[in-house]
Amino acid sequence: MTEEKITDISKQGYQLLKENKVSDAIDCFTRILLTDENNNYALVGMGDATRKAGSIRDAVKYYQRCLIHHPGNNYALFGLADCYKVLNQFQKAIEIWEQYLMHDDKNITVLTRIADAYRKVRDFANSKNTYQRVLDMEDSNPYAIIGLGHLHYDFKEYKDALFYWEKMLKTGFDDVDIRVLTSIGNCHRKLKTFDSGIPYFEAALKRESQNFYALFGLADCYRGLNQIENSLKYWNLILEQDPRNKMILTRTGDAYRNLKDYENAKSFYERALNVEFDTYAVMGLALLAKEQEKYEEAVISLNRLIQQDHKNYRLYIELADCYLKMNDKRKAKESLEAFQKLGVKSTRITEMLETTAW
């Protein structure tokens, strides 16, 4: 096969890849490799095709084979790094992308991917510095700005995350990615500035009326504001889409319990437990029993939960409170002291021990 013929088949293979005709593209690249087993275009083409087909480990082999015979091939480096990223092998991806930068250190796409990978391995300094390199070249690059928001959010630096994400709102809500809206809303949830978070989740819902993150964010903001009826509206909207979501079933049970609608509360807790065991659903049933003055029933449930989650301080507080309601101060005090003996510190436990008239 002549060099000219190989070039024509290679071009045909890449065109077929663009048209998403992966198996036909593989046939083209295979024909080349039967003639020239180390052809760089065909090896990269096979890497791209198998990666597109979802055979990531096969793609890795083709890219590596190309790099053995053609060191520094940019397309093979880029493809290989992307494969490692898909495989969640972020450190390997970083190493390959760093090799790529030796040939093209101003490539913004690669720099943002490196910064993303550093974020995934929780290397704050390198991630931030790499995003900053991008902004030094392009001060309004959305990938770097959004990435910096995610980086600070991951490290619980919510005010800094807001600083970056709000930069994307220069022209208002309409032109920004919906994920930025829900991310800003989530920052306000974490900062407990619930009133400020609501408009962002509402704006997201205008775009996608069934967006889970917007519905959840609104429900949780209204929960934080103690507007139980409003939170219940959005918990129920989520359940219309996902009726077996045990966390949402439990939150819905909590809402009904706070509204003193004990029948519905019990029903939703039990629905959650029918999906799978859930500590919070069992705790909800225990609190339900306690509020209905069924203290012995609540004590049994709480003691069982403590056996499974013995470092959860809230269980001991609720248990002690049940005993106090039953006028058994000795058992109440013993419950709180049992937690302290675990060597885990809780100011709530200490306060209850110090402020209760034993």
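**Close-up views of a predicted model**

**View 1. Glu291 and its contacts.** Glu291 touches Arg257, Lys260 and Tyr262, leaving aside residues up to four places away in sequence. The model shown in this and the other views is predicted. Glu291 lies in helix 17, which covers residues 279-291. Its relative accessibility is 30%, so Glu291 counts as partly exposed, because that class lies between under 20% for buried and over 50% for exposed. Cys322 is 31 residues from Glu291 along the chain, and the C-alpha atoms of these two residues are 9.8 Å apart.

**View 2. Helix 9 and helix 11.** The axes of helix 9 (residues 142-154) and helix 11 (residues 178-190) come within 12 Å and cross at roughly 25°. Helix 9 is therefore roughly parallel to helix 11, because angles under 35 degrees are classed that way. The crossing of helix 9 and helix 11 is left-handed. Helix 9 contributes Ile146, His150 and Tyr153 to the contact, and helix 11 contributes Val180, Ser183, Asn186, Cys187 and Lys190. An α-helix has 3.6 residues a turn, so residues three or four places apart point the same way.

**View 3. Helix 3 and its surroundings.** Helix 3 (residues 40-52) has 13 residues, which at 1.5 Å a residue should span 18 Å; the end C-alpha atoms are 18 Å apart, in agreement. The buried residues of helix 3 are Asn40, Ala42, Leu43, Val44, Gly45, Met46, Gly47, Ala49 and Thr50. These buried residues pack against helix 1 (3-18), helix 2 (22-35), helix 4 (56-69) and helix 5 (74-86).

Key: Residues are numbered from 1 along each chain as its sequence is written. This is a predicted model: local features need pLDDT of at least 70, side-chain atom pairs count only at pLDDT 80 or more; totals for chains, interfaces and linings use all residues. Side-chain values use heavy atoms; hydrogens and water are left out. Axes are lines fitted to C-alpha atoms, for helices over the stretch in contact, and angles run from 0 to 180 degrees between N-to-C directions. Helices (H or I, at least four residues) and strands (E, at least two) are DSSP runs, numbered from the N terminus. Angles under 35 degrees count as roughly parallel, over 145 as roughly antiparallel, 65 to 115 as roughly perpendicular and the rest as oblique. A crossing is left-handed if the near helix is turned anticlockwise from the far one by less than a right angle, and right-handed if clockwise. Contact means heavy atoms within 4.5 Å. The expected span of a helix is 1.5 Å times one less than its number of residues. Buried means under 20% relative accessible area, exposed over 50%, partly exposed in between (1.4 Å probe, protein chains only).
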